[in-house]
Each structure stands twice: as structure tokens, then as C-alpha cells.
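User: I would like to go through this model with you. Could we look at a few local features in turn?
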Amino acid sequence: MYRVHGDKVIRRRTNYREENDIQKYTKILKEDFGNMCGYCGKDFNIIKCPYQKDHLIPEDIAKKVGRLDLLTDYNNLVYTCRVCNRNKWNNWPFDNVDKIHDDKVGFVDPATDEFDEHMMRDETGRIVPKTQVGNYMYKIFNFSNRLTEVWWKLSVISKEINEIDSILEKEETVDGLKQYWRLHRQFDSFIESLKKANESI
Ligand SMILES: [Zn+2]
């Protein structure tokens, strides 16, 4: 089993200047999330696609209960891919903002330790739920119909290639060749999973 975010530990900084325009948070949010989608772990350093800012507690419910501070609260922002942001949209299972989940439904902040308790990746890199709340999120983000393991494998392979490059740059070593063969096998299994998924990416 792997973490949804791989090696990256996502944490929002506590020392920042408060802004009234969330666009001004783009730079620090990107840094704090390691340029990765908080929900599906898509790595924008490798996969060039648009990123967005999601309100963990959606704007609609925040307005409804008069918590306008949540609209520009840095701690309420999640760096996301467009697909996750669109799927989450205004989904909110409560009529208040007192909690973000009740152990059955709701969301978990990806910038906390708790996220790993609810969502993981299986040995193929596919995102799987671990709890009821995890299952709620799994459905909201439509992970059962998404190629979560393909993006994961792309990140793994890309990192491996960089490592092998730097090893082989110095000299052709046994370590480098071993890594190359491991990469080759990963690439084969990646192609297999693409065939199975029968979808273009
Ligand atoms: Zn995503």
C-alpha cells in the first residue's frame, strides 16, 4: 500500500500574510502542496494539466451560514486538479460548517495526517478508501471511474528515469542497470493497465 501523496507530506504554512483575494495565495498554495492535487495526488511537475483552488468547505454553504471568512481563508483552500475540483463542486453533506466529517460522510483535509487514515493506494497505485468517510470521498471524486493508478505510475516512472539518468551520467553501474530493469517492468505493467482501462489519456 502507498500513500495517496507518495513521499510528499502536504502541510499549509502557518506564517503567511492574510489576503482578501485568493489568487494571491496561488504561489504559497502551490509550494505547500508540492504542486500536487491534494485529493488525487496528481503531480503537476510531471503531468502538465491545469490546476485550480478548491474551497474545502464550499463557497455556497459558507455564504449560506454567513461564514464569509471561509471564502478567503488560506486554511480552507486545497490545490486541486480540474477533475477533482469539478467532481467535488458544492457537495457538502451537512447544513452547517461545524465539522468537515462525522466519521460517516464528509471530507478530510489533504493537508493533515488524518488524510492517510481514510484514503490509500493499493499495490497497483490505485486510490482505495479505508473508512466510511474515505468511501464518501471516493464516490464524490468518482475515483472508481478514474485512472488514478496511471497518473501514479507516470510519476513513479518519471522519478525513476531521473534517478537512473543521474546514476548513468557518472558511469554505467550495476545499480543503474538494476534500476533500469525495474523501470522496464514498471513500464510494461503500466502499458498493461492502460490496455485494460481501454481509455486514452
Ligand atoms: Zn485531483
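User: Where is D103 found?
Analyst: This is a predicted model. D103 is found in the loop between α3 (82-88) and α4.

User: What is the phi of D103?
Analyst: The phi of D103 is positive, at about 75 degrees, although D103 is not a glycine. Most residues other than glycine have a negative phi.

User: Is D103 buried or exposed?
Analyst: D103 is exposed, and its relative accessible area is 55%.

User: What about N142, where does it lie?
Analyst: N142 lies in the loop between α5 (132-140) and α6 (148-170). N142 also has a positive phi, about 60 degrees, and is not a glycine. With 29% relative accessibility, N142 counts as partly exposed.

User: Turning to D116, which helix holds it?
Analyst: D116 is placed in helix α4, which covers residues 115-118.

User: Which residues is D116 in contact with, leaving aside its neighbours within four places in sequence?
Analyst: Those residues are R3 and K130. The side chains of D116 and R3 are joined by a polar contact of 2.7 Å.

User: Now the metal: which residues are the protein donors of the zinc ion?
Analyst: The donors are the SG atoms of C37, C40, C81 and C84, which lie 2.3 Å from the zinc ion. Along the chain, the donors follow the spacing C-x2-C-x40-C-x2-C.

User: What is the geometry of the zinc ion's site?
Analyst: The site is tetrahedral, with angles of 102 to 118 degrees among the four donor atoms.

User: Are C81 and C84 buried or exposed?
Analyst: Both C81 and C84 are buried.

Technical notes:
Residues numbered from 1 in each chain as written. Predicted model: local features only at pLDDT ≥ 70, side-chain atom pairs only at ≥ 80, totals over all residues. Heavy atoms only, no water. Donors = N, O, S within 2.8 Å, 3.2 Å for Na, K, Ca; no water. Tetrahedral: all angles 85-135°; square planar, octahedral: opposite > 155°, others 65-115°. Buried < 20%, exposed > 50% of the residue type's maximum accessible area, 1.4 Å probe, protein only. Helix = DSSP H or I, 4+ residues; strand = E, 2+ residues; numbered from the N terminus. Polar contact = N/O pair within 3.5 Å; in protein donor to acceptor, adjacent residues only side chain to side chain. Contact = heavy atoms within 4.5 Å.
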